[in-house]
Amino acid sequence: MRIKRKDIAQSVAERLFAAETALDLAAARIAELNAALPLARLDARLSATIGQDAVTSSAAAMVLVARTREEIVATHANLKRASDDMGLREVSYGDLFKAGVAQHRTPEPHLRAV
């Protein structure tokens, strides 16, 4: 049973990491677009009113991606807690540096239900 849970957790972790990567790439590409729009206007020597709606909507898209990324980060933390609750506390599914882990950890009880 424990091996099946570990396999399922690994599958979920892979999908989570893929979602995190996709959001980071989306944020980077939208940021590139946000930088390119005003530069393109300047290069074309156009009025500032030309394309302002595109600048505004692209900036709004960046805010939405940032909010979505925040929700995925919260999902990551929630899945970590679920993993701990399932007795998979010792399992690591990624090789990335985990910033701020010590700050958000609650003291572990000496006994736990498995």
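Gly87 follows helix α2, and its phi is positive, near 85 degrees. Keep in mind that this is a predicted model, where local features need pLDDT of at least 70, side-chain atom pairs count only at pLDDT 80 or more, and totals for chains, interfaces and linings use all residues. Residues are numbered from 1 along each chain as its sequence is written, and side-chain values use heavy atoms, with hydrogens and water left out.

Now α2 itself. Helices here are DSSP runs of H or I, at least four residues, numbered from the N terminus; strands are E runs of at least two. α2 covers residues 52-85, 34 residues in total. At 1.5 Å a residue it should span 50 Å, and its end C-alpha atoms are 50 Å apart, so the two agree. That expected span is 1.5 Å times one less than the number of residues.

What does α2 bury? Ser58, Val65, Ile72, Ser83 and Asp84. Buried means under 20% relative accessible area, exposed over 50%, partly exposed in between, with a 1.4 Å probe and protein chains only. These buried residues pack against α1, residues 2-44.

Leu79 also lies in α2. Its relative accessibility is 34%, so Leu79 counts as partly exposed.

Next, the whole chain. The pattern is α-α-α, with three helices and zero strands. Buried residues make up 13% of the 114.

Last, confidence. pLDDT is the predictor's confidence in each residue, from 0 to 100. The chain averages 86, and 76% of the residues score at least 70. Where pLDDT is low, the predicted coordinates should not be read in detail.

How values were computed. Contact means heavy atoms within 4.5 Å.
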